[in-house]
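Reader: I would like to go through the terms used for this model and see what each one rests on. Please set the values against the rules.

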Amino acid sequence: MESLLILHAAAAICAPWLTRLLGRDAFPLLALAPAAGFCYSLWVLVSGVPERSSTPWAPALGLSLSFRADEPGVLMMALVTGVGLLVMVYSSRYFPAGEAGLARFGGFMLAFAGAMLGLVMADDLFLLYVFWELTTVFSYLLIGYDPESRASRRAAMKALMLTTFGGLAMLAGFVIIGQAAGTYRISAIVADPPEGGPVVAALALVLTGALAKSAIFPFSTWLPAAMAAPTPVSAYLHAAAMVKAGVYLLARLAPAFGDVPVWRAVAVPLGVLTMVLGGWRALRETDLKRLLAYGTVSQLGFLTILFGIGTRDAALAGVAMLLAHALFKAALFLVVGAVDHATGTRDLNRLSGLWRSAPWLCAAAVLAGASMAGLPPLAGFVGKEAALESLLTWETFDTAALAGVVLGSALTVGYTLRFLWGAFATKPGLPPTPAHRTPAAMFAPAALLAVLGVVLAPLAGVYDAAMAGYTGSFRDAGHGTHLALWSGAAVPLLLSLLAFASGGLLFWARRPVARIGAALQLVDSATLFWSVMRRLDLFAIQATGIIQRGSVPDYLLLTLASVAALGLFSFLYVTPPDLSLDIVAWQRPEQPFIVVLMIAGAALALAARAYVLLAVMCGLTGYGTALLFLSHGSPDLALTQFLAETLSLVVFALVLRRLPIEPVSARLRFPFRLGIGVVVGAVTVGAGMLAMEARQAEPVGGLMAGAAERAGAHNIVSALLLDIRAWDTMGESTVLVVLTLGVTSLVFLRRTSYTIERDEGGGTRPAGRPHWLSSALPRGERALAFEVAARLTFHTVLVLSVYLLLVGHSKVGGGFAGGIVAGLAITVRYLAGGRYELAAAVPVHAGVLLGAGLTLSTGTALAGLLSSGAALTMLAADVTLPLLGTLHLSTGLLFDLGVYVTVVGMVQDVLRALGAELDRQIETEDAS
Amino acid sequence: MESLIAVPVLLPLLAAGVKLAIGARLRHLQSLISIGTLTITAVVSLVLLFEVDAHGPVVTELGGWESPLGICLVADRLSTLMLVVSTLVTLCVMAYAVVGSYADQEHDAPMAIFNPAFLVMVAGVADAFLSGDLFNLFVAFEMLLSGSYVLLTFGGTQSRIRAGATYTVMGLASSMLFLIALAVTYAATGTLSFAQLAERFGPLDTHVKLLIELTLLLAFAIKAAIFPLSAWLPDSYPTAPAPATAVFAGLLTKVGVYAIIRLEALLFPGGPVATLLMWVALATMLVGVLGAVAQTDIKRVFSFTLVSHIGYMVFGVALSTVQGLSGAIFYVVHHITVTTGLFLVAGLIERRTGTTRVERLGGLMTLTPLIALLFLILALNLSGIPPMSGFLGKLALIQAGLADGAPLALLLVAGSLVTSLLTLYAVAKVWGKAFWRAPEPAVAGTVVESDESTGEDPVVTTTTMPLALVGSTAALVVLGLSFTVLAGPLSALTDRAAAELMAREPYVSAVLGRGR
Amino acid sequence: MTITLLPFAAAGALIATGVTLLLERSLVRLLAGVVVLGNGVNLLIVTSGGGPGSPPILGRFAPEEMADPLPQAMVLTAIVITLGVTAFLLAMVHRSWQLTGSDEVQDDTEDRRVRLRARAGELSEAVRRRQEEYRRLLAEERVQRPTEKEARRRLRLRRREALRLMRHAIREERARQALALDPELEGDD
C-alpha cells in the first residue's frame with residue numbers, strides 16, 4: 001500500500017515537469033496514478049478484506065506506518081481513486097491550453113489524491129492525522145489556484161483556519177484516546193475501546209475535528225467559500241473526497257464509540273441542524289456551484305446524523321449514502337463545470353434553454369439530480385429509504401432527528417429541482433444562452449458517474465453483503481435493516497412521498513421561499529468568521545503594542561525589576577532565612593578609607609552631568625576596586641584592574657572628545673532608578689553573604705596550591721590562568737579579539753583606506769627642530785616634553801612589559817598585564833606624536849597581531865592535543881638564564897605570548913580606530 | 001576519543017586566528033578555510049555522537065587537569081546532539097555567506113571581519129554545549145555573544161546600530177546576572193564544576209539554592225528570549241545580515257534553552273521553579289505568536305514565532321519528565337534547522353526584491369517558484385504540519401503534557417495547540433500576501449533604498465541566484481525533512497538523552513569518577 | 001565564616017550605582033553603568049569567594065593563609081572581557097553619534113508602527129464621542145427653537161463646529177483603520 005502512495009508522490013513531483021512538456025494533455029497520463037489505486041482497490045475487494053500492512057516509523061512517539069483496507073476503507077479508496085481518475089481526465093479539457101497554473105494544479109491535485117488515499121487507508125491515529133492535515137494543506141493550495149483573486153485567497157485562508165482548528169483539537173483527542181487505550185492502532189482501539197472520563201472529552205475533541213473537516217455547523221462556512229476553486233477541485237475535494245474525511249472518521253470510530261452518550265449528543269443534533277440549514281440556504285443561491293455547495297453541506301449533515309446514531313442499521317444506510325452522494329454530487333459538479341465552460345456563466349438567472357443546446361449534458365444532470373433527490377430506482381433512493389427505516393426502528397426513537405431528515409429530504413428535492421431548472425430550463429424573458437460544444441473528455445466522466453447511480457442501485461443487496469464485515473462490528477445490532485431497491489416498507493415510503501410533495505411545493509414557490517430565506521437570515525456565518533479574524537488581528541496588534549515597547553530602558557527595567565522581585569521572593573520563600581551572620585565591619589585598616597573613597601566616587605558619578613567627570617569618577621571607583629583587591633590579597637588582580645582601568649580611561653577620553661553633546665535625560669525619575677538600584681544591590685550583596693554563610697564544603701580554590709606546584713609555578717593565579725584554567729584564558733582573549741574587530745568594523749565601516757600610512761611627505765614635521773619622534777603634531781598641539789618622555793620611555797616600558805610576561809609564572813605579572821603595559825607605551829607615543837607616530841611605533845598591518853596572537857594561543861592548545869591527547873597540555877622545562885634567574889619554560893609561555901600579542905594588537909587596533917581614524921575625521925571636517 | 005571533544009571549539013578559533021593574520025587578501029583561501037573547518041567539525045561531531053550514544057558520556061580534561069581542579073569538556077548525548085545539529089546548520093549558513101553578497105562585502109572591509117566573528121561565535125556555541133564548568137560556560141557565552149555583537153552591527157548602518165544597542169545592552173545585562181550568580185554559587189559551594197555542583201547543591205540552604213537557580217534562570221532566560229525578557233529579540237535580530245540573523249535565530253536562543261535544560265535537569269532537579277516555568281512558557285507561546293500575527297515584515301514575523309516556539313521547549317523542560325525533556329530536545333533540534341532556513345529564505349527574498357515587507361511584496365510564487373517552494377516547506381514545517389519535524393516535536397510535547405495530566409499541563413497543551421494554529425495563520429498571511437496576490441512590477445537591478453545619511457547600503461535587487469546560495473538553503477530544508485525519515489532513531493535518541501539527563505548519575509560519575 | 005561588611009558594602013554601592021546608571025537613555029551613561037556594575041560584581045566575587053589573606057604566591061606565604069586564588073582568576077577573566085566590551089560600546093557610541101548626533105538609545109521604529117496601528121481600535125471611541133456631541137446639539141436645536149435670532153445663530157455655529165470636528169475625527173479614524181486593518185480580512189465573501 002505504501003507503494004501506491006509513493007507512486008502518487010512521484011507523479012506529483014513529475015507533474016510540473018510533465019505539464020511543461022505536454023501541456024494539459026499531461027493530465028490523462030498523470031491520471032495513471034489514481035487509476036493504479038483504483039485497480040488496487042478492486043483487487044483488494046476481489047481477494048478479500050481486510051488487507052493490512054505495518055512498518056514501524058517512530059515507536060517512541062507511537063507512530064507507525066500501519067495501513068488497513070477494510071470494508072469502508074476499500075469503499076473510500078475506490079471512490080477517491082475512481083473520482084480522482086475521472087476528474088484528472090476532465091481537467092485535461094476544462095482548463096484552456098497553456099494556462100499558467102497548470103503545473104501547480106497537476107502537482108497539487110496528485111499530491112492531494114495521494115494524501116487522501118493515505119487517509120482512508122491509515123490504521124494509525126497519527127498516520128491518519130498526518131494525511132488529514134496534508135489534505136488540508138493541499139486543499140489550501142488548490143483553493144488558492146487563482147492567487148490574484150482576493151476571493152480565492154480568502155476562501156483558502158478560511159478553509160485552512162477552520163479545518164486546522166478542528167484538526168488540532170482532534171490531535172489532542174487522538175493522544176488522549178491512544179494513551180487510554182495503550183495503542184494508536186485504530187483497528188485495535190475499535191476492537192477494544194477505552195472508557196472513562198478523559199475518553200469522553202477526547203471524543204468531543206475528535207468530533208470537533210471531524211465536523212470541521214466535513215463542514216458541519218458551526219464550521220460549514222468554509223465549504224461554500226471554497227467554491228472559488230476551479231470546478232475539478234470542487235468536484236473532487238469538496239464533493240467526493242476531502243469533505244468525506246470527517247464522515248469517514250465517524251464511520252471508522254462509530255463501532256467503538258457510537259453508543260457513548262457524548263457521541264450522539266453532539267453528532268446527531270448538529271447533523272440535523274446542518275442538513276436543514278444547508279438545504280434551506282441552497283434554495284436561494286443563484287450561483288449553481290454555490291447552490292451545490294450548500295447542498296453538499298446539507299448532505300454531509302445527513303451523513304453525520306447516520307454515523308452519529310451509531311447503530312448498525314444507521315451505519316448501513318450511511319455507507320450507502322456515502323457512495324451514492326459521491327457519485328451524484330461529483331457528477332453534478334462536473335456538469336456545472338461543463339455548463340460554465342460552454343456558456344461562461346454559472347448564474348441561474350442568466351442561463352436559459354440549455355436543455356436544447358446541450359441535451360446529453362442535461363440528461364446526465366437529471367439522472368444525477370434524481371439520485372440526489374432520492375427518486376427510485378437510483379442509488380440515492382436506496383440510501384435514503386434505509387436511513388428512514390433505521391431512524392424509525394431506532395430504539396431511542398428521536399422525533400426531532402426523523403423530522404429533520406424528512407424536512408431535509410424535502411429541501412433536497414426542492415433545491416435539486418431548482419438546480420435542474422436553473423441550469424437547463426428555458427426561462428421566460430431570457431433568450432437561449434449561447435453555448436459551445438462540451439468536449440467528450442468533460443462530458444464522459446460526468447455521464448459515467450451519473451449512470452453508475454442507476455447501475456449500482458439494483459446491486460444494493462450485494463453491497464449490503466459486502467459491508468457485512470463492517471456493519472457486523474457494531475455492538476448495537478439494530479433491527480436488521482437491509483439495503484434493497486424496493487424494501488416494501490410502507491412508512492419510509494410514505495415519508496419519502498411527503499418529502500417529494502413538499503419539495504415540489506418548495507420549488508413551485510421558489511421566489512417567496514428565497515425572499516423569506518433572505519429575510520430570516522439573522523447572521524451570515526462568513527461575516528461572523530471574518531469579524532472574528534479581524535478582532536483577532538486587532539487584539540494581536542494591541543497586545544503587541546502594549547508588550548513590545550521597543551525601548552531598551554523599558555526592557556532593562558523589566559529585567560532588573562525581575563531580579564529584585566525574584567531575589568526578594570527567594571529570600572522570603574517558605575520561611576525567612578536565618579540571619580545570624582558572623583559579621584565584622586572590616587578586617588584591614590585601609591578598607592574604610594578605600595570604601596569611603598569609592599562610595600564618594602559612585603555618588604559623584606551619579607550626580608555628574610558632564611561625561612568627562614562621569615568617566616573620571618568611574619575610573620575612581622575602578623581604582624578603588626583595585627585597592628580593595630590588593631587588601632584582599634590579590635596583587636595580580638589589583639595590577640590588572642589598575643592597568644585595564646587606565647586603558648579604559650584613555651579610550652573613553654579618545655571617544656568623548658568627539659561628542660559635543662548634551663547628555664540625554666532619562667525617562668524614569670532618578671529616585672525610582674536609584675530605588676531599583678538599591679534593591680538590586682541589596683539583593684545581590686545579601687545573596688553573597690547568605691551564600692558565604694551557607695558554604696559547607698571546602699572550596700576547590702584550596703586545592704590550587706598543590707596544583708600550582710605540580711604545574712611548576714609559584715604564582716597560583718598565574719598557574720590558574722596559564723595552565724589549570726587556560727581554556728578560560730583562551731576564550732577571554734578570543735573575546736578581546738572579536739570585540740576589537742567590532743570596534744574596527746564600526747569605525748571604519750567598509751572603507752578600504754584603512755591602513756594609516758607613515759608620514760611620507762614629512763609635511764607635518766616642523767623644520768629646524770630636533771625630532772624626537774618620527775612624526776609630530778602640528779605646532780600648536782605639540783608638547784615637546786611629552787614627546788621626549790614618550791621617546792625615552794618607550795623601549796624601557798616595552799622591556800618592562802616583556803619582563804612582566806616572562807615572570808608571570810613566579811611573580812606578579814603575566815601576558816595580559818605585560819600586553820597592557822606595552823599597549824600603554826604605544827598609547828603614550830600616539831598621544832605625543834599623533835597618528836603617523838602610531839604607524840611608526842607598530843609597523844604591522846591591522847589585524848595581523850590579533851590574528852597572530854590568537855593563532856599562537858589556539859595553536860599551543862592544539863599542539864597539546866596532538867602531543868598528549870588533551871588540549872592545552874603544556875610541555876615544560878626549567879632553564880637558568882643570566883639576569884632573570886631560573887625560568888620555568890613551557891609551552892605555557894608561548895600561550896602567554898599569544899595573549900600578550902593579542903592585547904598589544906587590540907590596543908593598536910583600538911588606537912587606530914578610535915584614535916587615528918577619529919583624528920582623520922576631525923581633520924577632514926575642520927578642512928571642509 | 002576524548003581528544004576529539006576539544007576539536008569543535010579549537011578548530012574554528014584557530015581558523016579565525018589564521019584568517020585574521022592573513023588579512024582580507026586571498027579570498028578563496030579564506031572561504032576554503034571556513035568551509036573546510038566547519039566540515040571537519042561536523043564530521044568530528046557526528047563521530048562523537050555515535051561514540052557517546054554507544055558508550056555513555058565522554059570527558060576530556062583540558063591541560064590534563066582533572067575535575068574539579070581544571071576545566072573539563074563533557075560530551076553526553078544531549079551536548080553532542082546539539083553539537084551535530086549546530087555544526088551542520090552553521091556549515092550551510094557559512095556556505096550561504098561565502099557565496100552570497102555577504103562575502104562580497106568582505107572585499108571592501110578593512111580586514112576580514114565577518115568570517116572571524118562568525119567562526120568565534122560558532123566556537124563559542126560549541127564550547128557552551130560541551131562545557132562542564134559553570135565559569136567556562138560564562139566565557140563560552142561571552143565568546144558567542146561578542147561574535148554576535150560584531151555580526152549584528154556589521155556595516156554600522158543606523159538600523160543596525162539601533163538594534164545593536166538593544167541587543168548588546170540586553171546581552172550585557174544577562175552577562176552581569178550570570179556573573180552575580182557565579183559569585184553566589186562559588187560563595188555557597190566553593191566549586192565551579194557542574195558535576196561537583198550537582199552534588200553540592202543538594203544539601204544547600206533552600207534560600208541560597210533558590211536564589212542561585214532563579215538568577216541563573218534569569219540570565220539564561222534573556223538569552224533564550226523567554227517572556228517577559230523576550231522583547232529585545234524581535235527588535236534586534238531582523239536587522240543583521242541574513243546569514244547572521246539566521247544563525248542568531250537558529251542557534252543562539254537555543255544555547256540559552258540548552259543551558260536551562262542543563263540547569264534544571266542536572267543542577268536543580270525538582271523544585272518550585274517548574275510551576276513558574278510552566279506559566280512563563282504559556283505566556284511566551286501566546287505573546288510571541290500574537291506578535292507574529294501583528295507583524296507585516298517577514299523577518300519580524302519569524303522573530304516572533306521564534307520567541308513563541310521557545311515557549312514549547314520551556315514547556316517540555318518544565319514538565320520535568322523524561323517524555324517532556326525528550327520532546328523539548330526534539331523540538332530544539334527541529335527548530336534550529338527550520339528557523340535558520342527560514343531566515344536564509346528571507347535573505348533570498350530580500351536579494352530578489354529588495355525588501356521583506358509583506359505589503360510591498362506580491363506574486364513571488366510565480367516570480368520565483370523555487371524560493372516559494374523552499375519557503376512553503378519551511379513555513380509549514382514551522383507551523384507543525386505533519387509529517388514534518390515540527391509536528392513530531394509538537395506531538396512529543398503534547399503526549400508528554402497529556403500524560404502528565406495536571407490541570408496546568410493540560411492548559412499548556414491547549415496553549416500550544418492555539419499557538420500552533422496562530423503560527424499557521426501568521427505564515428499563511430505572509431504566504432497569501434507575499435507569494436500570492438498580483439506580482440509587483442519589481443524589476444531586477446532596481447535600487448530600492450539608498451540613503452547616505454543613515455549609512456544604509458543601496459539595496460540592489462537581482463534575479464541571479466547563485467546555485468550555492470539556493471543550494472545551501474535547500475540543504476537546510478532537506479536536513480529538516482530528513483528528521484521525518486529519521487524520526488524513529490532521532491526520537492529514540494532524544495529519549496535516551498532525556499533519560500540520561502534525568503538520571504544525572506552518568507554525567508557526574510563520568511566527570512568525577514576517575515578523579516577518585 | 002566571618003563576613004567582612006565593608007567590601008560587601010562597597011560592592012553593593014557599586015552595583016546600586018551601576019544599575020541606576022544602566023537605566024538611562026544615554027549610551028555613555030549606560031556604558032558607565034556597565035563598567036561600575038562590573039566592578040561591583042567583580043568585587044562581590046572576590047569578597048564572597050573567601051576571606052582575605054596573603055597573596056597566593058607559593059614560597060613566600062603559607063598556603064593556609066592565602067586568599068582563595070580561584071575567584072581571582074575568574075575576576076581577571078571578567079576584567080578583560082569588560083575592557084573589550086567598553087571599547088566596543090565606545091565605538092558604538094561614536095557611530096551612533098555620527099549617525100544621529102546623539103548617543104541616545106533609539107526606540108525601535110517597527111514597534112512604534114505597531115503601537116500606532118494598535119490605537120486604531122481606541123480611536124473609534126473618539127468618533128463616537130464627536131457623533132454624540134453633534135446629535136445632542138442637533139436635538140437641542142430642534143427642541144429649544146430659541147426665538148432670539150442671536151441665540152439661534154450661536155447654536156447653529158456650535159452645531160456646525162461639532163459637525164466639522166466629527167468629520168475630522170472620522171477622517172482620521174479611516175486613515176488609522178487603513179493602517180491597522182488588513183484588506184484581506186475586510187468584508188465578507
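Reader: Which residue stands opposite A:Val584?

Author: In this predicted model, A:Val584 stands opposite C:Thr4, in strand 1 of chain C.

Reader: What makes strand 3 of chain A and strand 1 of chain C a pair?

Author: Pairing needs at least two bridges. Strand 3 (residues 583-584) of chain A and strand 1 (residues 3-4) of chain C have two bridges, in the parallel sense, so they count as paired.

Reader: Why is the meeting of C:Glu24 and A:Arg673 called a salt bridge?

Author: The N to O distance between the side chains of C:Glu24 and A:Arg673 is 2.8 Å. The cut-off is 4 Å, for a nitrogen of Lys or Arg and a carboxyl oxygen of Asp or Glu, so the pair qualifies. The rule finds one salt bridge across the interface of chain A and chain C.

Reader: Which helix gives the most to the side of chain A that touches chain C?

Author: Helix 30 (residues 670-694) of chain A does, with 14 residues. By class, that side of chain A has 76 nonpolar, 30 polar and 23 charged residues.

Reader: How much area do chain A and chain C bury between them?

Author: About 10100 Å², 71% of it on carbon and sulfur atoms. In contact are 129 residues of chain A and 101 residues of chain C.

Reader: How do you know what span to expect of helix 28 of chain A?

Author: The expected span is 1.5 Å times one less than the number of residues. Helix 28 (residues 611-632) of chain A has 22 residues, and its 31 Å is close to the 32 Å expected. Just after helix 28, A:Gly633 takes a positive phi of about 105°.

Note on methods. Residues are numbered from 1 along each chain as its sequence is written. Chains are lettered from A and ligands numbered from 1 in the order in which they are written. This is a predicted model: local features need pLDDT of at least 70, side-chain atom pairs count only at pLDDT 80 or more; totals for chains, interfaces and linings use all residues. Side-chain values use heavy atoms; hydrogens and water are left out. Contact means heavy atoms within 4.5 Å. Buried area is the accessible area (1.4 Å probe) that two parts lose on being put together, summed over both. Helices (H or I, at least four residues) and strands (E, at least two) are DSSP runs, numbered from the N terminus. Ala, Val, Leu, Ile, Met, Phe, Trp, Tyr, Cys and Pro count as nonpolar, Asp, Glu, Lys and Arg as charged, and the others, Gly among them, as polar.
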